[in-house]
Amino acid sequence: MFLWEILDNAAAADGTRTALVAEGHRWSFAQLAHDARVLAEGVAAMTAPGERVAILAENTASYVCALYGVPRS
């Protein structure tokens with residue numbers, strides 16, 4: 001199982017449940033999965049299969065999104 005599949009499974013099981021609280025906002029599992037899919041599509045459009053992608057970020061909601069989205073791409 002891939003990391004992003006865990007997020008998708010949680011979103012499918014109960015997408016309304018809170019997945020992330022950061023920076024004064026709450027993301028449900030469905031919202032986080034959606035944001036990760038959008039990020040994955042962007043990364044896939046900018047890279048070729050097999051290329052390496054690095055994430056340089058602070059501990060923020062954007063990092064969590066990238067944590068799931070980059071491997072999905």
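**Exercise 1.** Work out how helix 1 and helix 3 are arranged relative to each other.

*Solution.* Start with the numbers: helix 3 covers residues 61-72, and helix 1 packs against helix 3 at an angle of about 115 degrees, with the axes 8 Å apart. This is a predicted model, where local features need pLDDT of at least 70, side-chain atom pairs count only at pLDDT 80 or more, and totals for chains, interfaces and linings use all residues. Residues are numbered from 1 along each chain as its sequence is written, and side-chain values use heavy atoms, leaving out hydrogens and water.

Next, sort the angle: under 35 degrees is roughly parallel, over 145 roughly antiparallel, 65 to 115 roughly perpendicular, and the rest oblique. Helix 1 and helix 3 are therefore roughly perpendicular to each other.

**Exercise 2.** Now classify the pair helix 1 and helix 2.

*Solution.* Helix 2 spans residues 29-46, and its axis comes within 8 Å of the helix 1 axis, crossing at roughly 140 degrees. So helix 1 and helix 2 count as oblique to each other.

**Exercise 3.** Find where Ile-6 sits, and say whether Ile-6 is buried, partly exposed or exposed.

*Solution.* Then check the cover: buried means under 20% relative accessible area, exposed over 50%, and partly exposed in between (1.4 Å probe, protein chains only). Ile-6 has 46% relative accessibility, so Ile-6 is partly exposed.

**Exercise 4.** Do likewise for Val-38.

*Solution.* Val-38 is part of helix 2. Its relative accessibility is 43%, so Val-38 also lands in the partly exposed class.

How values were computed: Axes are lines fitted to C-alpha atoms, for helices over the stretch in contact, and angles run from 0 to 180 degrees between N-to-C directions. Helices (H or I, at least four residues) and strands (E, at least two) are DSSP runs, numbered from the N terminus.
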